[in-house]
Amino acid sequence: MAGQEIMIVAGVGCRTATSADEIEQVVRMALSVFKVSAGRLEALATEAGKAAEPAFVDAARRFGVPARGCTIDELGRVADRILTRSARVLEAKGVPSVAEACALVVAGENGCLLGARVSTPRATCALADGDGR
């Protein structure tokens, strides 16, 4: 839409039982690396199976944004646009990325990664901008 501000989406990949604190930490790391204000963040996205987990929902609440889920099919459709590939994720999920792919999916058809994902021991985060899905 003309005049609409570009949205910023944080895509998150994490291991089972990752805490809300660690999810918040990895998102804040990505915001810092790419010099984006937390106030510009419009959604936290992860794979659909983890989007309703309490820690992920709590992390989204801390940023005041919705928790969004992406299906494996959606992640597969943007696989050719990601920057970082994980053999472990490819084997487990059938897609080469979760964080980068989720950010791209929710950022919309014209979404663009701000750069490669950042990580903590249990979580990864990538930022994308776009006009939304």
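Predicted model: local features only at pLDDT ≥ 70, side-chain atom pairs only at ≥ 80, totals over all residues.
Residues are numbered from 1 along each chain as its sequence is written, and side-chain values use heavy atoms, with hydrogens and water left out.

**View 1**
A disulfide here is a pair of cysteine sulfur atoms within 2.5 Å. C14 is buried, at 14% relative accessibility. Buried means under 20% relative accessible area, exposed means over 50%, and partly exposed lies in between (1.4 Å probe, protein chains only). For C112, the closest cysteine sulfur is in C125, at 15 Å, again too far for a bond. C112 is partly exposed, with a relative accessible area of 43%. Across the whole structure, the search finds zero disulfides.

**View 1. Strand 1 beside strand 2.**
Strand 1 (residues 7–14) and strand 2 run parallel, joined by four bridges. Two strands pair if DSSP finds at least two bridges between them. Helices (H or I, at least four residues) and strands (E, at least two) are DSSP runs, numbered from the N terminus. A10 has L44 as its bridge partner in strand 2. Together with helix 1 (residues 20–33), the two strands make a right-handed β-α-β unit. Right-handed means that, with the strands pointing away from the viewer, the path from the first strand over the helix to the second runs clockwise.

**View 2. Strand 2 beside strand 3.**
Strand 2 (residues 41–47) also runs parallel to strand 3 (residues 67–70), and four bridges join them. The chain passes from strand 2 through helix 2 (residues 54–63) to strand 3 in a right-handed β-α-β crossover. T46 has G69 as its bridge partner in strand 3. E47 stands opposite C70. Strand 2 is mostly covered, with six of its seven residues buried. In a regular strand the side chains alternate between the two faces of the sheet.

The structure holds six salt bridges. Each is a side-chain nitrogen of Lys or Arg within 4 Å of a carboxyl oxygen of Asp or Glu. R62 meets D21 in one of them, at 2.7 Å, N to O. This pair links helix 2, which holds R62, with helix 1, which holds D21, across 41 residues. R62 also meets E24, at 2.7 Å, N to O. E24 lies in helix 1 and R62 in helix 2, so this pair ties together parts 38 residues apart in sequence. E24 is buried, with a relative accessible area of 18%. R62 is partly exposed, at 31%.

**View 3. K93 and E47.**
The side chains of K93 and E47 form a salt bridge at 3.0 Å, N to O. K93 lies in helix 4 (residues 87–93) and E47 in strand 2, so parts 46 residues apart in sequence are tied together. K93 is partly exposed, with a relative accessible area of 32%. E47 counts as buried, at 9% relative accessibility. Elsewhere, salt bridges that share partners join D21, E24, R28, D58, R61 and R62 into one network.

**View 4. The largest pocket.**
The largest pocket holds about 340 Å³ of space. On a 1 Å grid over the protein atoms alone, a pocket is an open set of points where a 1.4 Å probe fits, with protein on both sides within 12 Å along at least five of seven lines; lining residues have an atom within 4 Å of a point. Grid points are joined across faces, edges and corners, and the volume is the space filled by probe spheres set on the points. Of the 24 lining residues, G13, C14, R88, V89 and T124 are the closest to the pocket centre. Strand 1, helix 4 and strand 6 (123–130) are the elements that give two or more residues to the lining. Helix 4 gives the largest share, four residues.
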